[in-house]
Amino acid sequence: MLRIANLALLVLFPVSWYAPLLRAGLLPLFGLHEISVLTGLRSLWRTDIALALLVTVLAIVAPYLKTIGLALIHARLLSPRVLPAMHLLGRLAMADVFLIALYIVVVKGAGMARIETAWGLYLFTGCILASMLIALATPKR
């Protein structure tokens with residue numbers, strides 16, 4: 001069951017990167033623009049390269065590497081002794097850092113912004129939480 005749930009994350013993580021996290025716009029008069037992990041990162045790369053690099057590692061690379069590592073452990077292609085490293089990757093996979101950076105980009109671009117959450121925020125958060133639970137449930141022997 002853990003193996004299947006973890007393999008599902010290999011598909012769900014990329015879906016969550018394209019899914020709209022939030023909708024933001026200026027005042028209630030103008031239309032809202034959907035922001036995903038990838039569109040947020042695109043904006044960050046244009047405005048703050050160091051922050052964009054940090055967020056790319058924390059929001060995309062770390063959680064995906066952790067998921068791949070857990071898949072290798074579940075398939076017995078990697079020793080469970082590397083689980084502490086997977087836990088470290090899990091700690092680095094901080095979605096809240098990405099969301100804070102995303103809010104910075106939105107606020108920088110709009111003096112009076114309107115923000116609404118979208119379904120991708122729940123999917124992305126669910127993927128991070130599921131990855132943490134799968135890692136905790138993975139046998140350490």
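A: A term first: pLDDT is the predictor's confidence in each residue, from 0 to 100. This is a predicted model, in which local features need pLDDT of at least 70, side-chain atom pairs count only at pLDDT 80 or more, and totals for chains, interfaces and linings use all residues. Residues are numbered from 1 along each chain as its sequence is written, and side-chain values use heavy atoms, with hydrogens and water left out.

Q: Where is confidence lowest, and where is it highest?
A: Helix α5 (residues 95-109) has the lowest confidence, at a mean of 62, whereas helix α1 (residues 2-18) has the highest, at 94. The protein averages a pLDDT of 83, and 81% of the residues score at least 70. Where pLDDT is low, the predicted coordinates should not be read in detail.

Q: OK, and what pattern does the protein follow along the sequence?
A: The pattern is α-β-β-α-α-α-α-β-α, with 6 helices and 3 strands in the protein; these are DSSP runs, numbered from the N terminus (helices H or I, at least four residues; strands E, at least two).

Q: At what angle do α1 and α6 cross?
A: The axes of α1 and helix α6 (residues 119-137) cross at roughly 155 degrees and come within 9 Å; axes are lines fitted to C-alpha atoms, for helices over the stretch in contact, and angles run from 0 to 180 degrees between N-to-C directions. The two helices α1 and α6 are therefore roughly antiparallel to each other (angles under 35 degrees count as roughly parallel, over 145 as roughly antiparallel, 65 to 115 as roughly perpendicular and the rest as oblique).

Q: Which residues make that contact?
A: With contact meaning heavy atoms within 4.5 Å, they include L9, F13 and W17 of α1 and F124, I128 and I134 of α6. By class, the contact of α1 with α6 has 14 nonpolar, 3 polar and no charged residues (Ala, Val, Leu, Ile, Met, Phe, Trp, Tyr, Cys and Pro count as nonpolar, Asp, Glu, Lys and Arg as charged, and the others, Gly among them, as polar).

Q: And how far apart are the axes of α2 and α3?
A: Helix α2 (residues 37-47) and helix α3 (residues 49-74) have their axes 7 Å apart and pack at an angle of about 155 degrees. Among the residues in this contact are L41 and W45 of α2 and L53 and I60 of α3, and the contact residues divide into 11 nonpolar, 2 polar and no charged.

Q: Switching topic, is R76 buried or exposed?
A: R76 is exposed, with a relative accessible area of 74% (buried means under 20%, exposed over 50%, partly exposed in between, with a 1.4 Å probe and protein chains only). R76 lies in the loop between α3 and α4 (83-92), and its phi is near 60 degrees, a positive value in a residue other than glycine.
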